[in-house]
Amino acid sequence: MSKPVIEVVAGAIRDDQGRVLIARRPDHAHQGGLWEFPGGKLEPGESPLTGLRRELDEELGIQVLASRPLICIHHDYGDRVVRLDVHRVERYAGRPVGREGQPLAWQHPDDLGARRFPAADRPVLTALRLPDRLLITGPDPLDPVAFVARLERALAGGIRLVQLRAPGLDARAYADLADVAYRRCRDHGATLVLNAPPDLAGSLPGDGLHLSAHWLRKVTSRPAAHPWVGASCHGPDELARAEALDLDYVLLSPVKPTATHPGATPLGWSAFAALIKPVNRPVYALGGLGPNDLAAAWQAGAQGIAAIRGLWSFD
Ligand SMILES: Nc1nc2c([nH]c(=O)n2[C@@H]2O[C@H](COP(=O)(O)OP(=O)(O)OP(=O)(O)O)[C@@H](O)[C@H]2O)c(=O)[nH]1
C-alpha cells in the first residue's frame, strides 16, 4: 500500500545581502535538530500560497507580500513521504523572529551545505545557488572578438550561469574560447559550464560540465572533477538517467518551437510541467524561450529558462 503523502510548504526568504533565512527544528520533531526552511504542513483543502502565508506568520511573524515557486521535492523518509513545496519569498512585511522559540540564522546559499538539513532539502540548496537564467552561447564564433563582446554584454546584463556551446569548433579552438570565456565569467562572479566531451572539459578552465544527450547516455557515473554537472534532456528516460547519475540540474527541451532544432515537436508548458513533476532537481526550460517566459517557467515548476537567442544579444 502506498504511504500517505504529507504536503508541506516552505519559504526561502532572502535579505538584501542575498542570505537565506533558516530555522532549527525542535529536537523532538521529525528530523529534529536539523535546519530547515520555515514552513509546515498544509491544512486540509488549503492552497500552497495560503499555507505559506499562514505558516510564515505563525512561525516568524511576517506577512508574505510576493512569492513565486522555487522547487518542489518528493522525498520518502521511510516512515513518511513528504512533498516539500518551496517558494521564494520576494517581499514581506515585518521582521522575522522565532515565534515558537526556534533558533534562526541568515546564511549565504553557498554556505548552506555546511549546515545539517533533512535529506529532502538537498536539491533545494542547489536551487538556491543557481540563477533563473542560463545563457547558452551561440552561434559558433566565426569572429571570437564579437563573440566575447556579446558574452561581456550578457554578463553585464546580469547573466550568472553560462554554458559554452560551440559544436562546430575543433578541440583547440574550443579550448582557446573556454580560456577567454572563463576569465570573463570569473570577473563577473558567473559560473561557466563547458559543453564538451568530459575528458576535454576536465582539462580546461571552467566551473562545470554540461552533458549533451549523447554524453548523458555514454557516461556511467557522474563525471568527477567538476563542481557543477548538468545535462540536456528531452523526455522521461533522460530525466531519470540524470537523476540516477546525481547531476546537479537538467535542461528539458523543446518547450516551444526553436530555430536550433526546427524538426522537434514542442512540449508546451503543460507537458513540460507533467514531465518534471517527479524530478527532484532544478530543471531549466529550454526551446524558443526568453526572459518574458520566466513567470510561466516558474509556474510550471522550473528553476527558470535556458536560451541561446532569448538571452544572447545579437546586433
Ligand atoms: N518546514 C519544513 N519542513 C521540512 C523541510 N524539509 C523536510 O523534510 N521537512 C519535513 O516536512 C514536515 C513538516 O512538518 P512540520 O512539523 O514542520 O509541520 P508543522 O509546522 O505543520 O508542525 P506540526 O506537525 O507540529 O503541526 C516534517 O516531516 C519535516 O521533516 C523544510 O525545509 N522545512
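## The loop that holds Ala225

Ala225 sits in the loop between helix 6 (213–218) and strand 12 (228–233). Helices (H or I, at least four residues) and strands (E, at least two) are DSSP runs, numbered from the N terminus. The phi of Ala225 is near 75°, a positive value in a residue other than glycine. Ala225 counts as exposed because it has 11 C-beta neighbours inside 10 Å. Here a residue is called buried if 20 or more other C-beta atoms lie within 10 Å of its own, exposed if 12 or fewer, and partly exposed in between, with C-beta atoms placed from the backbone.

This is a predicted model, in which local features need pLDDT of at least 70 and side-chain atom pairs count only at pLDDT 80 or more, while totals for chains, interfaces and linings use all residues. Residues are numbered from 1 along each chain as its sequence is written.

You will find Asp246 in the loop between helix 7 (236–244) and strand 13. With 11 other C-beta atoms within 10 Å, Asp246 is exposed.

A cis peptide bond joins Ser253 and Pro254, with omega at about -5°. For background, most residues other than glycine have a negative phi, and most peptide bonds are trans.

Now follow strand 10 (residues 191–195). Five of its five residues are buried, so the strand is largely enclosed by the rest of the structure. Thr191, Val193 and Asn195 are buried on one side, and Leu192 and Leu194 are buried on the other, so both faces are covered.

Strand 9 (residues 161–164) runs parallel to strand 10 and is joined to it by four bridges. Two strands pair if DSSP finds at least two bridges between them. Leu164 has Leu194 as its bridge partner in strand 10. From strand 9 the chain passes through helix 4 (residues 171–187) to reach strand 10, and this β-α-β crossover is right-handed (with the strands pointing away from the viewer, the path from the first strand over the helix to the second runs clockwise). Strand 10 also pairs with strand 11 (residues 208–211), in the parallel sense and over three bridges. In that pairing, Val193 stands opposite Gly208.

Ala196 belongs to the loop between strand 10 and helix 5 (198–202). Ala196 counts as buried, with 26 C-beta neighbours inside 10 Å. Leaving aside neighbours within four places in sequence, Ala196 is in contact with Tyr174 and Ala201; a contact means that the C-beta atoms of two residues, placed from the backbone, lie within 7 Å. The C-alpha atoms of Ala196 and Trp215 are separated by 9.0 Å, and the two residues are 19 apart along the chain.

## Domains and confidence

Stepping back, the protein is divided into domain 1 (5–121) and domain 2 (133–307), with bounds that come from an automatic or database domain assignment. Six residues from domain 1 and six residues from domain 2 take part in the contact. On the side of domain 1 that touches domain 2, four residues are nonpolar, one is polar and one is charged. Ala, Val, Leu, Ile, Met, Phe, Trp, Tyr, Cys and Pro count as nonpolar, Asp, Glu, Lys and Arg as charged, and the others, Gly among them, as polar.

The mean pLDDT (the predictor's confidence in each residue, from 0 to 100) is 95, and 98% of the residues reach 70 or more.
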